[in-house]
Amino acid sequence: MILSTIKKSLLLVSLAVFLSGCASFGKGVAEAFLEKSEAVDTRVCQVRGKSFEGIAPGLEKSQGKTKVLMVHGVGDRLPGYSTEFLEKLANELHLTAKSSSYKDIKLMSFSDPEEKLGDLRISRLQNENGSKELWFYELTWSEITRNQKALLAFDNSGEYSYRRAEVNDMLKKFSNDTGPDPIIYLGKSRDLILRSFAQAFCWMGKDSWEQIPKDGRQGCDFTNVLGTSFNQDEFVFISHSLGSRIAIDGITRMVSLLESPEKKSTIRTINKVKREALQKKHVQIFMMSNQLPMLQLGRELPEVSAQKADYCQVTGSKYTSRMFNETSIIAFSDPNDLLSYAIPQDFGEKYLDSRLCINVTNVNINVAKVFDAFGMGKMANPIEAHVGYSKDDRVVALIARGIGGGHTAPLVKEKCQWTEINDQ
């Protein structure tokens, strides 16, 4: 008994001595570890597929504008969510002049004017002498799913959250915010979200800045857009997470409506001349935290699949029925992002609409740092690996200036490895 008491006393004294120096010792170890991890950036950046131009070449054309549509993914978003990304993109493209105000449209459907379809914020950027012009369209569709997700609001209240450990509570709230969106998208809200995308695409067809209203609830009719300058404009799409599925489904829905006279839609008002203008376009879709393979589970195959040669080759029997001349998908995936996937080589032929004439380039990139968890194994923050793409300078540089062409950024040449694959 006495021996046991002596041992406990010695343990307490030793523990007190250890703790007295713990703060300074721990601080020193942490600082040394962080300095080392920041000094040597060993994050992977591997590009496999065709070369792609990025946004920069389109800006240098003497005629027309470059129009970029951003589609967010899971989680509740408010207008302005892409501000940091847009500023980084503008800096990479040397677009230093910006309109003093943006256009902010509350999207409206003509089929149901009372139905809310979200928000479209449009910013206009130029270079110093005005020779380059980019219109950035930020689509916020969260308004469509917000009311349904309110069903889980009780679980975020203090009545339930205080019972959880702090980190688990943070993860649970993240799950409550992001988890329902893919489930809701499989239900009736999917049509509303795709109509929201179609409305955003319609506003991209306006010829002049003055044709776009400053604010208010507005609907866009394809009859009054896609004018003479449409042939000269460049279209680029950028998505994150679930937004990758929305972008592909949205474009596929439009081409299906064009091919189906019996379906009523303002998209049907795209006439032959405008359709031919679309068919000459090479469209780029940059998918951050791509989720196409996971979100294909349980879905039927597209109306038209495994017919790429028929639609996309000049000699093909259905060449005049394609949507675009070519669609380049650049899929960014962090291997430590639990919700992101590369696109297998045969995925596009089987699961994506042949009328889009798709080729795929995969970018395997660590946006979250991988570190040694003090001898317990290597790890990376999975949340940062999911949301960190838009903050990563290499991702921004690849979107802005591509790879394999004359505009490739020095950062990409230094940090990224490219394996060219042409047989797609």
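Cys45 lies in strand E1 and Cys416 in the loop between helix H17 (410–415) and strand E14 (417–420), so the pair ties together parts that are 371 residues apart in sequence. A disulfide here is a pair of cysteine sulfur atoms within 2.5 Å, and a search of the whole structure finds three. The model is predicted: local features need pLDDT of at least 70 and side-chain atom pairs count only at pLDDT 80 or more, while totals for chains, interfaces and linings use all residues. Residues are numbered from 1 along each chain as its sequence is written, and side-chain values use heavy atoms, with hydrogens and water left out.

**Cys45 and Cys416**
- The sulfur atoms of Cys45 and Cys416 are 2.0 Å apart.
- Cys45 has 3% relative accessibility and therefore counts as buried; the term means under 20% relative accessible area, with exposed over 50% and partly exposed in between (1.4 Å probe, protein chains only).
- Cys416 is buried as well, at a relative accessible area of 10%.

**Cys202 and Cys220**
- Cys202 is joined to Cys220 by a disulfide, S to S 2.2 Å.
- Cys202 lies in helix H9 (residues 189–204) and Cys220 in the loop between strand E7 (217–218) and strand E8 (234–240), so this link ties together parts that are 18 residues apart in sequence.
- The link of Cys202 and Cys220 is left-handed, with -70° about the S-S bond.
- Cys202 and Cys220 are both buried.

**Cys312 and Cys357**
- A disulfide is formed by Cys312 and Cys357, with their sulfur atoms 2.1 Å apart.
- This pair links distant parts of the chain, 45 residues apart: Cys312 is in helix H13 (residues 308–312) and Cys357 in the loop between helix H14 (347–351) and E11.
- The torsion about the S-S bond of Cys312 and Cys357 is about -100°, so the disulfide is left-handed.
- Both cysteines, Cys312 and Cys357, are buried.

**Pairing order**
- With the bonded cysteines of the protein chain numbered in sequence order, the pairing reads 1-6, 2-3, 4-5.

**Strand E11 and its partners**
- Helices (H or I, at least four residues) and strands (E, at least two) are DSSP runs, numbered from the N terminus.
- Seven of the eight residues of strand E11 (residues 358–365) are buried.
- Strand E1 (residues 45–49) runs antiparallel to E11, joined by four bridges; two strands pair if DSSP finds at least two bridges between them.
- Strand E10 (residues 326–333) pairs with E11 in the parallel sense over seven bridges.
- Val363 in E11 stands opposite Val47 and also opposite Phe332.
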